[in-house]
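Could you walk me through this model in my viewer, one selection at a time? I would like to know what to click on next and what to look for once it is highlighted.

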Amino acid sequence: MIRELIIQNWANVLVLVAFAILLRTTVFLEKRTILRLYALILTLFIFSMIVFLEFALEEKGELPNVRLVLMSVRYSATPLIIAFIIFTLAKNVHWRVFIPAIILAIIDIISIFTGIVFSLDNEGKLHRGLLGYLPYIMVGVYSVLLVNLLYKRSNKRNSEIFPIAFLCLALSSGLILPFILGKEYSKIFCVTLIIALFVYYVFMILQLSEKDALTGVLNRQSFYASTGNNKKDLNALVSIDMNGLKALNDQEGHAAGDKALATLAFCFLQAASAKDSVYRLGGDEFVIVCRKVSEEDVRNLIERIQNKVSETKYHCAIGYSYSSNGDKDIDDMLKESDEMMYKDKMEYYSKPGNTKYRGSKV
């Protein structure tokens, strides 16, 4: 059995060790995120051992009751693992994301005695119960949620879309291949998920040079590289500046200011379309570069930003520059959008009660 265990899980072990070493040398992630990734790695390793043991018992036709327990763990673990991935990779996700997976785990435990999800006959053959497809439905829901959250938090560039698509492919295989390969798919599920996570993490590292570490949007260097070398189709700029950041830092500390900037950046990413790229130039200064858009598109973008920001306790000033034929110089466009933005800022501060950050919606 030991020989088969090593053969079946050798790829898992190698990738997990490489993943752990990479995490050990990582400096750009929060300690909390790194610890969650370590826990996720350990969970995947344990899960691969459980799968091996279950199938080993099946081949030998031994301990059917133990097999039922291991099956309940296997059916429960997949949604829990994906929920754990969501909790780890997607920022600001509440622990309540685990509740549906926990409910499924309880149902799977009940199924050991009732067969409501799965059961074994006297010959050790698996049968699906009334809720036999519930684990697959749960995996599908969690997979869609994960991909949706990662996409919303991305800059919608090919360098970020590809790893998300790769992760989506790996997760979707868990919904399709079990009905093609049967129970044998469980033997390759762990390594499939481990490789997908490893690839996604490597791409995260490769993106460090072009992303702002605090907010996740593109950084100043990326802005100059994009507008300097790739001016094609660039015909609009949107300048955004947070109102009241200094007062917020003075009153509640820089951690509160950092949280505000990260929150606003997420609002901008949610509002942006695939034609828009969001950059942080420094401090509370953001710019959105728009390509192949109409002036109405730009105004709609600003409206979406205002709607998203209005859901927070923060406020920002916005201005834009538009060129119908794309022949304006980038510096002139930036100056024009900044002037409109500063005018908006002055109008905000001219209103009673808006002279400083107040810690409430405005």
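Begin by selecting Leu40, Ile81, Ile85, Ile86, Tyr142, Leu146 and Leu197: in this predicted model, these residues have the most contacts inside the largest nonpolar core, which has 46 residues. Now colour the elements that give two or more residues to this core, namely α1 (2-24), α2 (31-60), α3 (64-89), α4 (99-114), α5 (134-152), α6 (158-176) and α8 (186-206). The largest share, nine residues, comes from α3.

Apart from this core lies another one, of 32 residues; to find it, select Val217, Leu269, Ala271 and Ile288, which are among its members.

Go back to Leu146 and show what surrounds it. Beyond its neighbours within four places in sequence, Leu146 is in contact with Ile82, Ile85, Ile86, Leu167 and Leu171.

**Helices α5 and α6**

Next, show α5 and α6 together. Their axes come within 10 Å and cross at roughly 175°. With angles over 145 degrees counted as roughly antiparallel, that is why α5 and α6 are described as roughly antiparallel to each other. On the α5 side, select Tyr136, Val139, Gly140, Ser143, Leu146, Val147, Leu150 and Tyr151; they meet Ile161, Ile164, Leu167, Cys168, Leu171, Gly174 and Leu175 of α6. Colour this contact by residue type and you will find 12 nonpolar, three polar and no charged residues.

**Aromatic pairs**

Now turn to the rings. The whole structure holds 10 aromatic pairs. Select Phe84 and Phe98, an edge-to-face pair at 6.2 Å centre to centre, with 70° between the planes. Phe84 lies in helix α3 and Phe98 in the loop between α3 and α4, so the pair ties together parts that are 14 residues apart in sequence. Both Phe84 and Phe98 are buried.

For another edge-to-face pair, select Phe223 and Tyr279, where the centres are 5.4 Å apart and the planes make an angle of 75°. Phe223 sits in helix α9 (residues 220-229) and Tyr279 in strand β4 (residues 276-282), so this pair ties together parts that are 56 residues apart in sequence. Phe223 and Tyr279 are both buried.

**Helices α10 and α11**

Move on to α10 (residues 245-252) and α11 (residues 254-271), which pack at an angle of about 140° with their axes 7 Å apart. These two helices are therefore oblique to each other. To see the contact, select Leu245, Leu248, Asn249 and Glu252 of α10, then His254, Ala256, Gly257, Ala260 and Leu261 of α11. This set divides into five nonpolar, three polar and one charged.

Which residues of α10 are buried? They are Leu245, Ala247, Leu248 and Asn249. Their cover includes β3 (234-242) and α11. Just after α10, click on Gly253, which takes a positive phi of about 100°.

**Last stop: Lys292**

Finish at Lys292, in the loop between β5 (285-291) and α12 (295-310). Is this lysine buried or exposed? At 57% relative accessibility, Lys292 counts as exposed. Check its backbone too: phi of Lys292 is near 55°, a positive value in a residue other than glycine. For context, most residues other than glycine have a negative phi.

Definitions and conventions: Residues numbered from 1 in each chain as written. Predicted model: local features only at pLDDT ≥ 70, side-chain atom pairs only at ≥ 80, totals over all residues. Heavy atoms only, no water. Axes fitted to C-alpha atoms, helices over the stretch in contact; angles between N-to-C directions. Helix = DSSP H or I, 4+ residues; strand = E, 2+ residues; numbered from the N terminus. Parallel < 35°, antiparallel > 145°, perpendicular 65-115°, else oblique. Contact = heavy atoms within 4.5 Å. Nonpolar A, V, L, I, M, F, W, Y, C, P; charged D, E, K, R; others polar. Core = buried A, V, L, I, M, F, W, Y, C linked by side-chain atoms within 4.5 Å. Buried < 20%, exposed > 50% of the residue type's maximum accessible area, 1.4 Å probe, protein only. Phe/Tyr/Trp six-rings, centres within 6.5 Å; stacked < 30°, edge-to-face > 60°.
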